[in-house]
Amino acid sequence: MIKDITIGQYFPGSSLVHRLDPRMKLGLTVMYIVMLFIAKGFLGLGVGIVFLTAAFLSSGIQLSLMTKSVKPIVPVILFTGVLNLFFVSTGEVLVSWGFIRITEDGLRTMIFMAVRIIFLICGTSLLTYTTSPIALTDAIERVLSPLRIIRFPAHEIAMIMTIALRFIPILIEETDKITSAQKARGADLESGSVLQRAKALVPILIPLFVSAFRRAEDLALAMECRCYHGGDGRTRMKQLKVGFIDWLALAVTSLFLAGVILLNIFLPL
Amino acid sequence: MGIIKTQDLSYVYGEGTPFRKVALDKVNIDIEEGELVGIIGRTGSGKSTLIQHFNGLLKATSGKVFIDGEELFSDKSRLRQIRFKVGLVFQYPEYQLFEDTVYKDIAYGPINMGLSREEVDERVKRTMSLVGLKPELMQKSPFELSGGQKRRVAIAGVMAMEPKVLILDEPTAGLDPHGRDRILNLIKEYHRQKGSTVMLVSHSMEDIAKTVNKILVMNDSRLFMYDTPERVFAKVKELDNMGLTVPQITRVFDRLRDSGIAFSDEVYSVDYAKKLVLRLLQEKRVRS
């Protein structure tokens, strides 16, 4: 059911990838994304794929979880794929049928884009699978904190993200519960026209919103009771520390990035 | 065959993930029609998982469930009909209320069943009086009611469907003693009037002892026993080991027995205890 959603889910572990400093991991993920996007040819993309595979293998995350994270974006991949296939009109014509012309370049772009999107998702999923949401938002806060000089509310934004991430599983569970309860009262969510189905969601959405507001109020009250007053003067229980393995990971990632850049210059295939 | 029957029913949560957990392990039960059953067990013993199998909200990982002789999931299109047969009231059911009036909320289930307008109207009114909601509340918003009232509206929403089996998951959770008695009494009253099968999940032994005539004990995802309250509460030691408490009055009488006063039966209700003690005193007077 809805419990199968893996967004923002964290799988505890003690692998090398798990142990990296979240700030470093965030930075490395950005470098990886850059790698994917500056690669001009399949060779460059291949370097990115090798990088991710290595990281994935050392993380101990199951392959099935990776495929699960790709599943929801299959429609997007198909959509962009079809667009690329039909609208890129340069290169040798492979198939010509009426006004439809499929060219070699079109096919190439389609595959290239699809691979890029899939590995983009896999890479970012690996980040959330191996980093607890708390650690991740901590890292984001630290990365953004220099912006406080221009009065950017780094702490508040990080807190909002922490709370949002923290409540995703709770709200999913709640949705599941309410859905079950309404199904037990004969709610029919699976048949009927689009309009009927949308209407059938009302008995689920209203209680869900009511409970979300109730939880928000409770949480605000609980935070105030514990004297929460924003980020000023707040210290941390877990101090982040960049260690040897972090620098090592940075060095390895930089090598890969350099590899992609060199390939772009000398072998843009 | 009884109204609810399970055959080697097993259920596993999160199969194939690191969070895999066996919630039910080869459960075999056979519940007769018209029974008022209490289900007890510690948190995480599988009570809630078990009852969600009875109306097809969960599908068994292995094993079978029969409702009224019909196997669940043998025909998926029948599932909705079975849900009308087995009414399920979840924990904290007041959180499922959504309509703008009490009347409409209670009518939601019966309307889904496809009943005529007159029939729905009659059922809503009948059920409201059964659960002790005054007619003037009918046009009020359920969100304006008190906690206990909301709970009764939610329970009425399922009762109005008049299912053959009514299952309630912790219907008294979070209520004060007065609200608790009220809910338990209305469940008893419903059972008496309709004569249908009622199942009641609870943590509280006192609640169970006061209400039911059969008890189903779950322990560690397995069925420990399914029997009359006397026989269940006779196993004070085993229940203790499971982290379950027998009613206080049973404990008192257990101690009395240890100190040499012989009582014939297990005692689990205060009324019955009173009778026993009076009889014993009378016998003593006669002898002396």
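**View 1. Helix 4 and helix 6 of chain A, an oblique pair.** In this predicted model, helix 4 (residues 63-70) and helix 6 (residues 104-130) of chain A have axes that come within 9 Å and cross at roughly 120°, and the two helices are therefore oblique to each other. Helices (H or I, at least four residues) and strands (E, at least two) are DSSP runs, numbered from the N terminus. Axes are lines fitted to C-alpha atoms, for helices over the stretch in contact, with angles running from 0 to 180 degrees between N-to-C directions. For the wording of angles, under 35 degrees is roughly parallel, over 145 roughly antiparallel, 65 to 115 roughly perpendicular, and the rest oblique. Helix 4 of chain A brings Leu65(A), Met66(A), Ser69(A) and Val70(A) to the contact, and helix 6 of chain A brings Ile118(A), Ile121(A), Cys122(A), Ser125(A) and Tyr129(A); residues are in contact if their C-beta atoms, placed from the backbone, lie within 7 Å. By class, that makes seven nonpolar, two polar and no charged residues. Nonpolar here covers Ala, Val, Leu, Ile, Met, Phe, Trp, Tyr, Cys and Pro, charged covers Asp, Glu, Lys and Arg, and the others, Gly among them, are polar.

A word on the model and its labels: residues are numbered from 1 along each chain as its sequence is written, while chains are lettered from A and ligands numbered from 1 in the order in which they are written. Since this is a prediction, local features need pLDDT of at least 70 and side-chain atom pairs count only at pLDDT 80 or more, whereas totals for chains, interfaces and linings use all residues.

**View 2. Helix 2 meets helix 7 in chain A.** Here helix 2 (residues 22-38) and helix 7 (residues 133-144) of chain A pack with their axes 8 Å apart, at an angle of about 80°, so they are roughly perpendicular to each other. On the helix 2 side of chain A, look for Pro22(A), Arg23(A) and Leu26(A); helix 7 of chain A answers with Ala135(A), Leu136(A), Asp138(A), Ala139(A), Arg142(A) and Val143(A). Six nonpolar, no polar and three charged residues make up this contact.

**View 3. Where chain A touches chain B.** The contact draws 18 residues from chain A and 22 residues from chain B. On the chain A side, helix 8 (154-184) and helix 10 (202-225) each supply at least two residues, and helix 8 of chain A has the largest share with seven residues. The chain A side splits into nine nonpolar, five polar and four charged residues.

**View 4. The six-stranded open sheet of chain B.** Its strand order is 7-8-9-4-10-11, with mixed pairing (two strands pair if DSSP finds at least two bridges between them). Strand 7 (86-89) and strand 11 (222-227) of chain B are the edges, each pairing on one side only. Neighbouring strands of the sheet are turned by 15° against each other on average, direction ignored. Strand 7 and strand 8 (residues 165-169) of chain B run parallel over four bridges, with Val86(B) opposite Val165(B). Helix 5 (residues 147-159) of chain B packs on the sheet against strand 7 and strand 8, its direction making about 170° with that of strand 7 of chain B. Helix 6 (residues 177-194) of chain B also packs on the sheet, touching strand 4 (36-40), strand 8 and strand 9 (197-201), and makes about 160° with the direction of strand 9 of chain B.

**View 5. Strand 1 of chain B and its antiparallel partners.** Strand 1 (residues 4-13) of chain B pairs with strand 3 (residues 30-31) over two bridges, and there Ile4(B) stands opposite Ile31(B). Five bridges join strand 1 to strand 5 (residues 62-67) of chain B, where Ser10(B) has Ser62(B) as its bridge partner.

View 6. Nine residues of domain 1 are in contact with seven residues of domain 2 of chain B. On the domain 1 side, helix 7 (205-211) and helix 8 (229-233) of chain B give two or more residues, and helix 7 of chain B gives the most, with four residues. That side of domain 1 of chain B has six nonpolar, no polar and three charged residues.

Terms used
Two residues are in contact if their C-beta atoms, placed from the backbone, lie within 7 Å.
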